[in-house]
Amino acid sequence: MRTLDRFLADAGWALAWLIGRSLRWEEVGREHLAAARASGRPIVFIFWHNRLLHTCYRLSRERLVMLVSQSRDGDIIARVAHDQGIAAVRGSSSRGGAAALRALVRMMKEHGLCGGITPDGPRGPRHVLQPGTLLVARLAGALVVPVAVGFSRKKVFASWDAFQLPWPFARARLVFGEPLSLPDVEGAAAFEKCRAGIERRLTAVTAAADLLFS
(Lines give C-alpha, C1' and ligand atoms only; values in the text may rest on other atoms or scores of the structure.)
Protein backbone atom coordinates (compact mmCIF):
# COMPACT_ATOMS: atom_id res chain seq x y z
CA MET A 1 0.00 0.00 0.00
CA ARG A 2 1.35 3.41 -0.96
CA THR A 3 2.49 5.74 1.80
CA LEU A 4 0.03 8.42 0.64
CA ASP A 5 -2.86 5.94 0.61
CA ARG A 6 -1.92 4.75 4.11
CA PHE A 7 -1.89 8.37 5.31
CA LEU A 8 -5.27 9.05 3.69
CA ALA A 9 -6.73 5.91 5.23
CA ASP A 10 -5.48 6.71 8.72
CA ALA A 11 -6.64 10.31 8.39
CA GLY A 12 -10.02 9.06 7.18
CA TRP A 13 -10.43 6.82 10.20
CA ALA A 14 -9.37 9.63 12.58
CA LEU A 15 -11.94 11.91 10.93
CA ALA A 16 -14.66 9.24 11.09
CA TRP A 17 -13.89 8.57 14.76
CA LEU A 18 -13.88 12.25 15.73
CA ILE A 19 -17.09 13.01 13.85
CA GLY A 20 -18.72 9.79 15.03
CA ARG A 21 -18.00 10.64 18.65
CA SER A 22 -19.60 14.05 18.21
CA LEU A 23 -22.82 12.84 16.57
CA ARG A 24 -26.06 12.62 18.55
CA TRP A 25 -26.96 9.01 17.83
CA GLU A 26 -30.36 7.36 17.80
CA GLU A 27 -30.90 3.66 17.06
CA VAL A 28 -34.09 2.14 15.66
CA GLY A 29 -34.83 -1.55 15.23
CA ARG A 30 -32.22 -2.97 17.58
CA GLU A 31 -34.76 -5.70 18.35
CA HIS A 32 -34.38 -6.93 14.76
CA LEU A 33 -30.66 -7.47 15.33
CA ALA A 34 -31.42 -9.22 18.62
CA ALA A 35 -33.85 -11.53 16.82
CA ALA A 36 -31.25 -12.35 14.18
CA ARG A 37 -28.69 -13.18 16.84
CA ALA A 38 -31.20 -15.29 18.78
CA SER A 39 -31.71 -17.43 15.68
CA GLY A 40 -28.18 -18.77 15.99
CA ARG A 41 -27.61 -18.27 12.26
CA PRO A 42 -24.82 -16.20 10.71
CA ILE A 43 -25.68 -12.59 9.83
CA VAL A 44 -24.91 -10.55 6.72
CA PHE A 45 -25.35 -6.79 7.13
CA ILE A 46 -26.07 -4.88 3.92
CA PHE A 47 -25.89 -1.10 3.51
CA TRP A 48 -25.42 1.26 0.58
CA HIS A 49 -21.90 2.28 -0.40
CA ASN A 50 -22.46 6.00 0.15
CA ARG A 51 -23.02 5.49 3.90
CA LEU A 52 -20.40 2.87 4.64
CA LEU A 53 -18.03 5.02 6.73
CA HIS A 54 -20.25 5.74 9.71
CA THR A 55 -22.29 2.57 9.31
CA CYS A 56 -19.02 0.69 9.83
CA TYR A 57 -18.15 3.04 12.68
CA ARG A 58 -21.29 1.84 14.51
CA LEU A 59 -21.13 -1.80 13.39
CA SER A 60 -17.47 -2.31 14.25
CA ARG A 61 -18.54 -3.59 17.69
CA GLU A 62 -20.47 -6.42 15.96
CA ARG A 63 -17.32 -8.39 14.92
CA LEU A 64 -17.55 -7.62 11.23
CA VAL A 65 -15.76 -8.90 8.13
CA MET A 66 -16.24 -6.72 5.05
CA LEU A 67 -16.07 -7.51 1.36
CA VAL A 68 -13.77 -4.82 -0.11
CA SER A 69 -12.73 -4.38 -3.74
CA GLN A 70 -9.16 -4.89 -4.99
CA SER A 71 -8.99 -1.34 -6.36
CA ARG A 72 -6.84 1.49 -5.00
CA ASP A 73 -9.94 2.92 -3.32
CA GLY A 74 -10.43 -0.54 -1.82
CA ASP A 75 -6.92 -0.37 -0.37
CA ILE A 76 -7.92 2.77 1.53
CA ILE A 77 -11.27 1.31 2.63
CA ALA A 78 -9.56 -1.89 3.84
CA ARG A 79 -7.05 0.15 5.85
CA VAL A 80 -9.84 2.22 7.43
CA ALA A 81 -11.71 -1.00 8.21
CA HIS A 82 -8.58 -2.42 9.86
CA ASP A 83 -8.26 0.72 11.98
CA GLN A 84 -11.84 0.13 13.15
CA GLY A 85 -11.14 -3.49 14.05
CA ILE A 86 -12.99 -4.81 11.01
CA ALA A 87 -11.55 -7.67 8.97
CA ALA A 88 -11.52 -7.35 5.17
CA VAL A 89 -11.77 -9.87 2.35
CA ARG A 90 -10.59 -8.42 -0.95
CA GLY A 91 -12.53 -8.91 -4.18
CA SER A 92 -15.42 -7.62 -6.28
CA SER A 93 -17.61 -8.63 -9.19
CA SER A 94 -14.87 -7.58 -11.62
CA ARG A 95 -11.76 -8.88 -9.81
CA GLY A 96 -11.50 -12.00 -7.66
CA GLY A 97 -15.22 -12.07 -6.96
CA ALA A 98 -15.93 -15.80 -6.63
CA ALA A 99 -12.87 -16.47 -4.46
CA ALA A 100 -13.64 -13.45 -2.28
CA LEU A 101 -17.22 -14.58 -1.70
CA ARG A 102 -16.02 -18.03 -0.65
CA ALA A 103 -13.39 -16.48 1.66
CA LEU A 104 -16.02 -14.22 3.23
CA VAL A 105 -18.30 -17.18 3.90
CA ARG A 106 -15.41 -19.19 5.33
CA MET A 107 -14.47 -16.40 7.77
CA MET A 108 -18.09 -16.06 8.85
CA LYS A 109 -18.40 -19.78 9.53
CA GLU A 110 -14.99 -20.46 11.06
CA HIS A 111 -14.62 -17.33 13.17
CA GLY A 112 -18.23 -16.48 13.98
CA LEU A 113 -18.03 -13.09 12.26
CA CYS A 114 -20.87 -11.08 10.75
CA GLY A 115 -20.56 -10.33 7.05
CA GLY A 116 -20.69 -6.77 5.78
CA ILE A 117 -21.50 -5.96 2.14
CA THR A 118 -22.19 -2.74 0.25
CA PRO A 119 -24.29 -4.42 -2.44
CA ASP A 120 -24.04 -1.54 -4.93
CA GLY A 121 -20.25 -1.30 -4.66
CA PRO A 122 -17.58 -0.86 -5.68
CA ARG A 123 -18.69 0.96 -8.83
CA GLY A 124 -22.49 1.00 -8.88
CA PRO A 125 -25.02 1.57 -10.21
CA ARG A 126 -25.93 3.42 -7.05
CA HIS A 127 -28.61 1.77 -4.92
CA VAL A 128 -28.84 -1.29 -7.18
CA LEU A 129 -28.29 -4.53 -5.26
CA GLN A 130 -25.84 -6.86 -6.99
CA PRO A 131 -26.43 -10.63 -6.68
CA GLY A 132 -23.34 -11.34 -4.56
CA THR A 133 -25.32 -10.64 -1.39
CA LEU A 134 -27.69 -13.49 -2.15
CA LEU A 135 -24.84 -15.87 -2.92
CA VAL A 136 -23.06 -15.11 0.37
CA ALA A 137 -26.25 -15.50 2.40
CA ARG A 138 -27.08 -18.77 0.64
CA LEU A 139 -23.61 -20.29 1.08
CA ALA A 140 -23.36 -19.20 4.73
CA GLY A 141 -26.95 -20.08 5.63
CA ALA A 142 -27.17 -16.51 6.90
CA LEU A 143 -29.90 -14.02 7.64
CA VAL A 144 -29.67 -10.71 5.78
CA VAL A 145 -30.07 -7.62 7.96
CA PRO A 146 -30.47 -4.32 6.06
CA VAL A 147 -28.92 -1.32 7.83
CA ALA A 148 -28.88 2.41 7.08
CA VAL A 149 -27.71 5.60 8.72
CA GLY A 150 -29.18 9.06 8.12
CA PHE A 151 -27.84 12.46 9.14
CA SER A 152 -29.53 15.78 9.92
CA ARG A 153 -26.63 17.72 8.37
CA LYS A 154 -24.15 16.29 5.90
CA LYS A 155 -21.85 16.90 2.97
CA VAL A 156 -22.84 14.97 -0.17
CA PHE A 157 -19.91 14.48 -2.52
CA ALA A 158 -20.08 14.51 -6.32
CA SER A 159 -19.02 10.86 -6.56
CA TRP A 160 -20.78 7.98 -8.34
CA ASP A 161 -22.43 6.97 -5.07
CA ALA A 162 -23.13 10.50 -3.75
CA PHE A 163 -21.04 9.68 -0.68
CA GLN A 164 -22.31 11.20 2.58
CA LEU A 165 -20.16 12.66 5.36
CA PRO A 166 -22.01 14.08 8.37
CA TRP A 167 -21.08 17.41 9.83
CA PRO A 168 -19.78 17.28 13.41
CA PHE A 169 -22.48 17.37 16.13
CA ALA A 170 -25.25 16.48 13.66
CA ARG A 171 -28.03 14.10 14.63
CA ALA A 172 -27.64 10.56 13.32
CA ARG A 173 -30.19 7.76 13.07
CA LEU A 174 -29.07 4.15 12.64
CA VAL A 175 -31.88 1.82 11.51
CA PHE A 176 -31.83 -1.99 11.51
CA GLY A 177 -34.39 -3.68 9.29
CA GLU A 178 -36.07 -7.01 9.90
CA PRO A 179 -33.80 -10.01 9.27
CA LEU A 180 -34.49 -11.65 5.92
CA SER A 181 -34.26 -15.37 5.29
CA LEU A 182 -33.68 -16.22 1.65
CA PRO A 183 -36.21 -18.65 0.17
CA ASP A 184 -35.12 -21.56 -1.97
CA VAL A 185 -35.42 -20.31 -5.53
CA GLU A 186 -34.83 -21.92 -8.88
CA GLY A 187 -34.56 -20.15 -12.19
CA ALA A 188 -33.56 -16.65 -13.25
CA ALA A 189 -37.00 -15.11 -12.75
CA ALA A 190 -37.32 -16.35 -9.15
CA PHE A 191 -33.76 -15.25 -8.37
CA GLU A 192 -34.44 -11.75 -9.74
CA LYS A 193 -37.65 -11.49 -7.72
CA CYS A 194 -35.71 -12.34 -4.55
CA ARG A 195 -32.91 -9.88 -5.42
CA ALA A 196 -35.37 -7.07 -6.14
CA GLY A 197 -37.24 -7.78 -2.90
CA ILE A 198 -34.10 -7.42 -0.79
CA GLU A 199 -33.19 -4.24 -2.68
CA ARG A 200 -36.62 -2.79 -1.85
CA ARG A 201 -36.18 -3.65 1.84
CA LEU A 202 -32.81 -1.92 2.00
CA THR A 203 -34.24 1.09 0.18
CA ALA A 204 -37.10 1.23 2.70
CA VAL A 205 -34.73 1.04 5.68
CA THR A 206 -32.64 3.82 4.14
CA ALA A 207 -35.74 5.97 3.69
CA ALA A 208 -36.62 5.37 7.35
CA ALA A 209 -33.16 6.54 8.39
CA ASP A 210 -33.59 9.72 6.36
CA LEU A 211 -37.25 10.36 7.24
CA LEU A 212 -36.58 12.30 10.44
CA PHE A 213 -34.31 14.73 8.60
CA SER A 214 -36.20 15.22 5.32
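A salt bridge here is a side-chain nitrogen of Lys or Arg sitting within 4 Å of a carboxyl oxygen of Asp or Glu. This is a predicted model, in which local features need pLDDT of at least 70 and side-chain atom pairs count only at pLDDT 80 or more, while totals for chains, interfaces and linings use all residues. Residues are numbered from 1 along each chain as its sequence is written, and side-chain values use heavy atoms, with hydrogens and water left out.

By the salt-bridge rule, the count comes to 9. One of them pairs E178 with R201, with the closest N and O atoms 3.7 Å apart. E178 lies in the loop between β9 and α7 (188-211) while R201 belongs to helix α7, so this pair ties together parts that are 23 residues apart in sequence. Helices and strands are DSSP runs numbered from the N terminus (helices: H or I, at least four residues; strands: E, at least two). Both partners are partly exposed, E178 with a relative accessible area of 44% and R201 with 33%. For burial, the scale is under 20% relative accessible area for buried, over 50% for exposed and partly exposed in between (1.4 Å probe, protein chains only).

Another salt bridge joins E26 and R173, and here the closest N and O atoms are 3.5 Å apart. E26 is in strand β1 and R173 in strand β9, so the link spans parts that are 147 residues apart in sequence. E26 is partly exposed at 29% relative accessibility, whereas R173 is buried, with a relative accessible area of 14%.

R195 counts as buried at 12% relative accessibility, while E192, at 38%, is partly exposed. Elsewhere, salt bridges that share partners join E27, R30, R37, R58 and E62 into one network. In general, side chains of opposite charge can pair when their charged atoms come close.

Strands are taken to pair if DSSP finds at least two bridges between them. Strands β6 (residues 143-151) and β9 (residues 171-176) run antiparallel to each other and pair over 5 bridges; V147 stands opposite F176 of β9.

Most residues other than glycine have a negative phi, and most peptide bonds are trans. A cis peptide bond, however, joins G124 and P125, with omega about 5°, and P125 is in the loop between β5 and α6 (132-140). H127 lies in the loop between β5 and α6 too; its phi is near 60°, a positive value in a residue other than glycine. H127 is partly exposed, at 27% relative accessibility. R63 likewise has a positive phi, near 55°, and is found in the loop between α3 and β3. At 48% relative accessibility, R63 counts as partly exposed.

Finally, the surface. L4, F7 and L8 form a nonpolar patch with about 320 Å² of accessible area together. Patches are made of residues with over 30% relative accessible area and no salt bridge, with like charges joined within 9 Å and nonpolar side chains (Val, Leu, Ile, Met, Phe, Trp, Tyr) within 5 Å. The areas come from the Shrake-Rupley method with a 1.4 Å probe, and for residues only the protein chains shown count as cover. L8 is found in helix α1 (residues 3-22) and is partly exposed, with a relative accessible area of 40%.
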